[in-house]
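Have the sequence and the model open as you read.

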Amino acid sequence: MNTLEQLTVGEYVANDFRTAALFSKYGIDFCCKGNRTLEEVCIKKNINPTELEKEIQTVLETNNENSIDFKSWSPNLLIEYIIDKHHTYVEEKSLVLLQFLDKLCKVHGERHPELFEINSLFKMSARDLAQHMKKEELILFPFIQNMVKAQKENQPIQEPHFGTVENPIAMMKDEHTIEGDRFAMIATLTDGFTPPEDACSTYKVTYQMLKEFEHDLHKHIHLENNILFPKAIRLQAVFE
């Protein structure tokens with residue numbers, strides 16, 4: 001097994017996504033802050049590094065025929081998957097959650113004032129994610145696809161207006177961090193997405209949907225930060 005210094009948390013998850021559940025159990029951010037080593041996160045979280053390594057090894061040694069090796073996918077296939085699965089998910093679920101959260105504020109806001117802050121945070125997230133995904137779909141992703149095409153045809157690429165691909169990637173990663181932090185605040189305000197004792201059915205469904213939304217967001221960001229973006233940076237280096 002690799003030593004603590006050799007792999008980042010994001011690289012562990014990129015190599016085997018099953019480790020994501022383990023890191024989540026310990027509250028370790030593997031997407032927005034996936035560039036940290038195990039040693040760093042163990043110190044930050046006061047986790048026994050030997051025990052964590054043992055648990056990682058157990059996960060890696062467990063056979064799982066259904067595990068998808070996203071790291072082996074081409075940039076084009078990753079882009080298609082991200083748009084079809086994760087961008088579509090955000091668009092569809094955001095509409096429902098916005099309606100449900102507005103309803104909860106009206107019905108339960110007096111007894112649970114934290115709902116107003118949760119609603120405000122999610123509205124900002126839905127708005128910013130919509131803009132973020134459009135920038136990816138209209139600017140970054142097409143450029144990556146053009147690089148793939150140019151490499152296959154052994155042709156040069158036209159220099160983009162943003163200079164190097166690392167510039168929009170840096171912007172996307174900064175926006176990912178904002179969303180990760182924002183959902184961490186929502187998780188805290190909802191007590192880990194745990195509905196109160198007097199919660200109605202809509203209340204419970206909304207909290208479950210928020211929990212699933214966060215899980216999807218983490219995987220979405222992981223696929224970009226830890227797999228697609230490094231592939232794009234290496235691809236552009238071919239043309240330099």
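Are α5 and α6 roughly parallel or roughly antiparallel to each other? They are roughly antiparallel, a label given to angles over 145 degrees, while those under 35 count as roughly parallel, 65 to 115 as roughly perpendicular and the rest as oblique. Keep in mind that this is a predicted model, in which local features need pLDDT of at least 70, side-chain atom pairs count only at pLDDT 80 or more, and totals for chains, interfaces and linings use all residues. Residues are numbered from 1 along each chain as its sequence is written, and side-chain values use heavy atoms, with hydrogens and water left out.

Helices are DSSP runs (H or I, at least four residues), numbered from the N terminus. Axes are lines fitted to C-alpha atoms over the stretch in contact, with angles from 0 to 180 degrees between N-to-C directions.

| Pair | Axes come within | Crossing angle |
|---|---|---|
| α5 and α6 | 9 Å | roughly 165 degrees |
| α5 and α8 | 9 Å | roughly 155 degrees |
| α6 and α7 | 10 Å | roughly 160 degrees |

The contact of α5 with α6 has 20 nonpolar, six polar and five charged residues. In this count, Ala, Val, Leu, Ile, Met, Phe, Trp, Tyr, Cys and Pro are nonpolar, Asp, Glu, Lys and Arg are charged, and the others, Gly among them, are polar. The crossing of α5 and α6 is left-handed, meaning that the near helix is turned anticlockwise from the far one by less than a right angle.

Asp 102 of α5 (residues 75-108) pairs with Lys 123 of α6, so parts 21 residues apart in sequence are tied together. The closest N and O atoms of Asp 102 and Lys 123 are 3.3 Å apart. Across the whole structure there are eleven salt bridges, each a side-chain nitrogen of Lys or Arg within 4 Å of a carboxyl oxygen of Asp or Glu.

Next comes α8. In the contact of α5 with α8 there are 20 nonpolar, seven polar and seven charged residues. Helix α8 (residues 201-237) bends by about 35 degrees at Leu 228, with Pro 230 following within four residues; the bend is the angle between axes fitted to the seven residues ending there and the seven starting there.

Last, α6 passes α7 in a left-handed crossing, and their contact has 14 nonpolar, three polar and eight charged residues.

Definitions and conventions:
Helices (H or I, at least four residues) and strands (E, at least two) are DSSP runs, numbered from the N terminus.
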